[in-house]
Amino acid sequence: MGLEKLHPFDAGKWGKVISFLKEEKLLSDGMLVEAQEASEEDLLVVHTRRYLNELKRKVLKPLRIQTGGTIMFLFERVEGISRATIVDLDAHQGNGHERDFMGDQRVYIMDVYNRHIYPGDRFAKQAIRRKVELEWGTEDDEYLNKVERNLKRALQEHPSDVMVYNAGTDILEGDRLGGLSISPQGIVKRDELVFRVARGCQVPILMVTSGGYQKRTARIIADSILNLYDLGLIGPESASVSAQNSDTPLLL
């Protein structure tokens, strides 16, 4: 509707990621699975009906489609999924999923975030099993060491059937909202180490790319995915990608 031209962030980054990966011959149209819009029944699992009525506005339809792309990983819909680990590496505290799974022992949450920024949800923090709070301007070496050390401990404490990996790129240096100072190379290395640790524990990954909307973000995400492919951490035998127009790519 033209609103993206007024928005301070690159709202079309996900479509650009897909385009970059097509240019590099990693993806083709035949490998893409069109996400279906999440049903009201699906959304009522975590939202009130009053809130869902607001989501019926056309401008928010893409959010329902993005949600639909991950519905297949709900406990109620996949046999053999009884324990899950959420690894949230977006710059912000993931208070949404923390409130959703408060008290649910099937779900282990590891959250690494800037302690000084939104949302600062003290109640939701009670659901975090492994909490790593960062200071303003945290850089690559400290960040990567903390992620790797804590991720290994998380998977030891809670062997899981699936890992939901929130690979936010708002940790990138220069992000006005994230407040961290991770380089593009640091983001690529972060994703690599997460996949290596998960592979070592034989845990499949659902990766969502989440926050981070600088103009260079899409290229960094694409470069990270290409690196995972080149290293054999994803590939035809172990990867599937789901996208609908400019919606979030999912890697398994």
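Student: How many bridges join strand E5 to E6?
Tutor: In this predicted model, strand E5 (residues 162-166) and E6 are joined by 4 bridges. The two strands run parallel.

Student: And which residue in E6 is the bridge partner of Asn166?
Tutor: Val208 is the partner of Asn166.

Student: Where does the chain cross from E5 to E6?
Tutor: It passes through helix H8 (residues 184-200). That makes a β-α-β crossover, and the crossover is right-handed.

Student: Back to E6 itself. Which residues cover its faces?
Tutor: Ile205 and Met207 are on one side of E6, with Leu206 and Val208 on the other. All four of these residues are buried.

Student: Where is Ser210 found?
Tutor: Ser210 sits in the loop that runs between strand E6 (205-208) and helix H9 (217-230).

Student: What about phi of Lys25?
Tutor: Lys25 is not a glycine, yet its phi is positive, about 65°. Lys25 belongs to the loop between helix H1 (13-23) and strand E1 (32-33).

Student: Is Lys25 buried or exposed, and why?
Tutor: Lys25 counts as exposed because its relative accessibility is 74%, and the cut-off for exposed is over 50%.

Student: Last one. What kind of peptide bond joins Tyr118 and Pro119?
Tutor: That bond is cis, with omega about 5°. Most peptide bonds are trans. Pro119 lies in the loop between strand E3 (107-114) and helix H6 (122-125).

Note on methods. Residues numbered from 1 in each chain as written. Predicted model: local features only at pLDDT ≥ 70, side-chain atom pairs only at ≥ 80, totals over all residues. Heavy atoms only, no water. Buried < 20%, exposed > 50% of the residue type's maximum accessible area, 1.4 Å probe, protein only. Pairing = 2+ DSSP bridges. Right-handed = clockwise from strand over helix to strand, strands pointing away.
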